[in-house]
Amino acid sequence: MTHVAVVGATGRTGTLVVEAARDDRRFEYVGGMASEPDEDVVGPDGARDLFETAEVAVDFSTPEATRLSAETARETGTPLVTGTTALDDGAEDALGEATHHVAVVRASNFARGVNVFWEVVERAAELLPDADFEVTETHHRGKRDAPSGTALTTVERIEDAVGEREHVHGRKGEAPRGDEIGVHARRAGDVVGEHEVLVAEGDESLTLTHRASDRKAFAEGALDAARFAIDAEPGTYGMDDVLDL
Ligand SMILES: NC(=O)C1=CN([C@@H]2O[C@H](COP(=O)(O)OP(=O)(O)OC[C@H]3O[C@@H](n4cnc5c(N)ncnc54)[C@H](O)[C@@H]3O)[C@@H](O)[C@H]2O)C=CC1
Ligand SMILES: O=C(O)C1=N[C@H](C(=O)O)C[C@H](O)C1
């Protein structure tokens, strides 16, 4: 059984990771970290003790907590799986440093199907390089960052095929379309996570959509990544490595 710790254990996503680990015989949940300590959840000052009891840590939290997780993972030699988005330079540097010592699996979206979505989006962009691309994401009203990490990865995959373009976030007033990629964020209710790419050229268009209807999709993908990380050499990995795409 793999001993797993969860950073952000009391959050919308972390709660589901804890549940998924408890329901999966291949894992033993050894405890969590969150801003407010609780029964089996430590605060940031308990990070080192927690990581020492774990074979792998899974993180869905905030840039500050991800930075602490990366620093602690490096000190304790604990592989790290992180899905936190909109990281700042401090968290990025700490993750970069950790990868010299432990395996770090990073993904802006751990749902298994989103990797297929990205492959299809990139192929569509390769086949229609002169098309107009509009990326729209929809999330629950509690999401802090915009655009989502997944939307930004989606734009990168389009640009891998067609080259860099200007990004336009919403339009207002006199705003004729140029050679740009539209990137738009909607926030409403409890929407788990939807990403749509509109590809339009001439008299035709096609729409590619990934929709997560339950956060279990992220939790289960992150546990796949945790199993991968415990056997991996130090370095940076993505879900394409985990899923062997
Ligand atoms: N890559 C992926 O598949 C996914 C990524 N995410 C990302 O995960 C992150 C968390 O999202 P949610 O679960 O919705 O957030 P949330 O706000 O529901 O939960 C955040 C968790 O982090 C903890 N936390 C906050 N500050 C902390 C600190 N300084 N030290 C320790 N713990 C701290 C909170 O106590 C809480 O447990 C976001 O960046 C989101 O974009 C969310 C879902 C899927
Ligand atoms: O905050 C969320 O909820 C999600 N965040 C990730 C992102 O920013 O792309 C992944 C998923 O869409 C849910």
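1. In what order do the seven strands of the open sheet stand, and is the pairing parallel or antiparallel? The order is 3-2-1-4-5-6-12, and the pairing is parallel. Strands pair if DSSP finds at least two bridges between them. Strands (E, at least two residues) and helices (H or I, at least four) are DSSP runs, numbered from the N terminus.

2. This is a predicted model: local features need pLDDT of at least 70, side-chain atom pairs count only at pLDDT 80 or more, and totals for chains, interfaces and linings use all residues. Residues are numbered from 1 along each chain as its sequence is written, while chains are lettered from A and ligands numbered from 1 in the order in which they are written.

3. Strand 3 (41-42) and strand 12 (235-237) are the edges of the sheet. Each has a single partner strand, so one side of each lacks a neighbour there. Strand 12 runs parallel to strand 6 (103-106), joined by three bridges. Val104 has Thr236 of strand 12 as its bridge partner.

4. The unreviewed UniProt entry lists His140, Gly149 and Thr150 under "binding site". Such annotations may be inferred rather than shown by experiment; positions follow the numbering used here, and feature names are shortened.

5. His140 sits in the loop between strand 7 (132-139) and helix 6 (149-162). Gly149 belongs to helix 6. Beyond four places in sequence, His140 contacts Gly189, Asp190, Val191 and Val192. Contact means C-beta atoms, placed from the backbone, within 7 Å.

Note on methods: Two residues are in contact if their C-beta atoms, placed from the backbone, lie within 7 Å.
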